[in-house]
Amino acid sequence: KILITGSGGQLGTTLAKALIDRYGIENVTATDLHPKTMDAWDIGFLDTTDAASVEAIVKKNKISQIYHLAAILSANGESNPIQTWDINIKSWLNVLEAARKYQVTKVFFPSSIAVFGPSASKANTSQTDFLDPLTVYGISKAAGEQWGHYFFSKYGLDVRSLRYPGVISHGTLPGGGTTDYAVDIYHKAVQNIPYTCYLTEDTALPMIYMDDAVRATLELMDAPKDKIRTRTSYNLNGLTITPKQMVDSIRQWFPQFEIAYTPDFRQSIANAWPSSIDGLHAKNDWNWSPKYSLDDISNEMISQLSKTYNMEKDSVF
Ligand code: VAH
C-alpha cells in the first residue's frame, strides 16, 4: 500500500489522484495536516512532525511505498526560518526512520531547483553543481537529499528524488512558492482581472507543467533499481519561462489581459535560482523528456480554469 503525505498540497493533490487511478483507492492512504474530503477519495489527518504517528500509520497500513510531499515552500518558509527548518527536516527524518523500521520498499522525496544558490551556473545548471541555497526551504531540500542518500547507502532503503522546477497546475490555488505567479496569473487572466506580478518581466525560471511533473515522478519510481544512479536527487527539466513570455502566450486567448510588475522579496529568491536546468542525468538514466510547451500549458490552464470559474473560454483557436 502507498502512503502520501502532504496530499492536500499542489503536487500532493495531483499525485494522490494519479496513484489512486493506478493502484486503486483501497491501496492508497492519502494524508495531510489539513484533512479534506475530495470528490472520490478522502485525505486523512497526519502530522508528519510526530514520529509516533508516522510509524503507526506505516505499520497499521502495511505501507510499501511512501511519497513524502509535506513541506513548507520557499516564500512562506522565509517568514519563520527555524520553524520551517524544523518542520521540513523533522518530517522527512520521521518518514525515513519509519520506512527503515518497517521495510518500506520505495520512498519518494521531492527536492527542488531551490537547492541551487548563487555559486551554481545560472543557465543549464548541472546535476553536480555546488549547492549553496539561500532559502530555508532550499537548505532543507539540500539536506533532505543528503539524508535520502545516507539511508540508501547505510540501510539500502530505495529512496528516489527529483529536483522539481516551478510546477504549474490548475488543481490547487497558489501555495506560497516563489514560482506561484505562474499559477496565479492564469486564475487572474480567466477572470479578466489585471495581474500584479511580484517578479520582473524578464525573470527566467525553470518550470514544468503538472502532468509532466507527475509522469516524471511515476517514471522515476517505476524505473528498475539499477538504472537509478543518482541517490541525492535528479535535476528535472521542463522548460524555462519568463513572466513576459507567459503574458504573451495568455494574450493569444485574452488579448486585453493586463499585467503590472512590482517585484518584492521573492525577486531576490528567484535571482539566486537557475534560469534553466540540465536534465541530462534523468534522460540518460531513465529516459526522461518533458512534453508540454508554454502554449500547451496555457491551453490546458485556460480551458480547465474557465470551467472552474464557469466562463466560456474566448478561444482564438
Ligand atoms: C517554490 N514551487 O516556489 C516551489 C518550488 C522551484 C520552486 O520549489 O517554493
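A polar backbone atom of Thr178 lies 2.7 Å from an oxygen atom of the ligand, a polar contact being a pair of N or O atoms within 3.5 Å. This is a predicted model, in which local features need pLDDT of at least 70 and side-chain atom pairs count only at pLDDT 80 or more, while totals for chains, interfaces and linings use all residues. Residues are numbered from 1 along each chain as its sequence is written, and side-chain values use heavy atoms, with hydrogens and water left out.

| Protein atom | Ligand atom | Distance |
|---|---|---|
| Ser74, polar side-chain atom | oxygen | 2.7 Å |
| Thr178, polar backbone atom | oxygen | 2.7 Å |
| Thr179, side-chain N or O atom | nitrogen | 3.0 Å |

The protein buries 96% of the 270 Å² that the ligand exposes when taken alone (Shrake-Rupley method, 1.4 Å probe).

Around the ligand stand Leu73, Ser74, Ser112, Ile113, Tyr137, Tyr164, Pro165, Gly166, Gly177, Thr178, Thr179 and Trp273, where near means a heavy atom within 4 Å. This shell divides into 6 nonpolar, 6 polar and no charged residues, with Gly counted as polar and Tyr, Trp and Pro as nonpolar.

Elsewhere, the aromatic rings were searched. The whole structure holds 12 aromatic pairs (ring centres within 6.5 Å; planes under 30 degrees apart are stacked, over 60 edge-to-face, the rest tilted). One of them joins Phe151 and Tyr155, a tilted pair with 5.0 Å centre to centre and 55° between the planes. Both residues belong to helix α5 (residues 136-155), where they are 4 residues apart, about one turn of the helix; helices are DSSP runs (H or I) of at least four residues, numbered from the N terminus.

Methods. A polar contact is a pair of N or O atoms within 3.5 Å; within protein, one must be able to donate a hydrogen and the other to accept it, and residues adjacent in sequence count only if both atoms are side-chain atoms. Rings of Phe, Tyr and Trp (its six-membered ring) pair if their centres lie within 6.5 Å; planes under 30 degrees apart count as stacked, over 60 as edge-to-face and the rest as tilted. Helices (H or I, at least four residues) and strands (E, at least two) are DSSP runs, numbered from the N terminus.
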